[in-house]
Amino acid sequence: MPNKQQPKGPLGLLLVISSYMTASVIGLAALGYFIDKQLGIEENYYTMALALLGVGVGLYFVYRSVKDAS
């Protein structure tokens with residue numbers, strides 16, 4: 001089984017961290033928006049809830065990346 005590649009240097013780690021945060025927040029917020037529109041909900045309850053979940057998921061991936069890098 002091949003080893004997982006680690007980012008090279010601090011700039012590589014910064015790129016990985018920013019990518020994880022951006023992808024998780026935008027992806028889950030977009031999913032929440034889609035659910036709100038499909039269900040016909042005027043308030044953005046799912047968008048807000050899934051965006052907050054995206055922040056949590058992003059922070060988890062950041063924690064794992066920093067832990068693996070050190």
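**Entry 1: Tyr20 and the aromatic rings**

I looked up Tyr20 and found that it counts as partly exposed, at 34% relative accessibility. Here buried means under 20% relative accessible area, exposed over 50%, and partly exposed in between (1.4 Å probe, protein chains only). I noted that this is a predicted model, in which local features need pLDDT of at least 70 and side-chain atom pairs count only at pLDDT 80 or more, while totals for chains, interfaces and linings use all residues. Residues are numbered from 1 along each chain as its sequence is written, and side-chain values use heavy atoms, with hydrogens and water left out.

I then asked how many aromatic pairs there are. The count comes to two, where rings of Phe, Tyr and Trp (its six-membered ring) pair if their centres lie within 6.5 Å, and planes under 30 degrees apart count as stacked, over 60 as edge-to-face and the rest as tilted. Tyr20 and Phe61 form a tilted pair, with 5.3 Å from centre to centre and 35° between the planes. Tyr20 lies in helix α1 and Phe61 in helix α2, so this pair ties together parts that are 41 residues apart in sequence. I recorded helices as DSSP runs (H or I, at least four residues), numbered from the N terminus.

Phe61 is partly exposed, with a relative accessible area of 29%. Tyr60 and Phe61 form a tilted pair as well, at 5.7 Å centre to centre and 55° between the planes. Tyr60 is partly exposed, at 47%. I recorded Tyr20, Tyr60 and Phe61 as one aromatic cluster.

**Entry 2: Ser24**

Is Ser24 buried or exposed? I found Ser24 in helix α1, and it counts as buried at 10% relative accessibility. A polar atom of its side chain lies 3.2 Å from the backbone oxygen of Met21. A polar atom of the Ser24 side chain also lies 3.5 Å from the backbone nitrogen of Gly58. Leaving aside neighbours within four places in sequence, I found Ser24 in contact (heavy atoms within 4.5 Å) with Gly54, Val57 and Gly58.

**Entry 3: the nonpolar patch**

Which residues make the nonpolar surface patch? I found Leu39, Tyr45, Tyr46 and Met48, with an area of about 450 Å². Patch residues have over 30% relative accessible area and no salt bridge, and nonpolar side chains are joined within 5 Å; a salt bridge is a side-chain nitrogen of Lys or Arg within 4 Å of a carboxyl oxygen of Asp or Glu. Helix α2 (residues 45–69) gives the largest share, three residues. Leu39 has its place in helix α1 (residues 9–39) and is exposed, with a relative accessible area of 53%.

Definitions and conventions: Patches are made of residues with over 30% relative accessible area and no salt bridge: like charges are joined within 9 Å, nonpolar side chains (Val, Leu, Ile, Met, Phe, Trp, Tyr) within 5 Å. Accessible areas come from the Shrake-Rupley method with a 1.4 Å probe; for residues, only the protein chains shown count as cover. Helices (H or I, at least four residues) and strands (E, at least two) are DSSP runs, numbered from the N terminus. A polar contact is a pair of N or O atoms within 3.5 Å; within protein, one must be able to donate a hydrogen and the other to accept it, and residues adjacent in sequence count only if both atoms are side-chain atoms.
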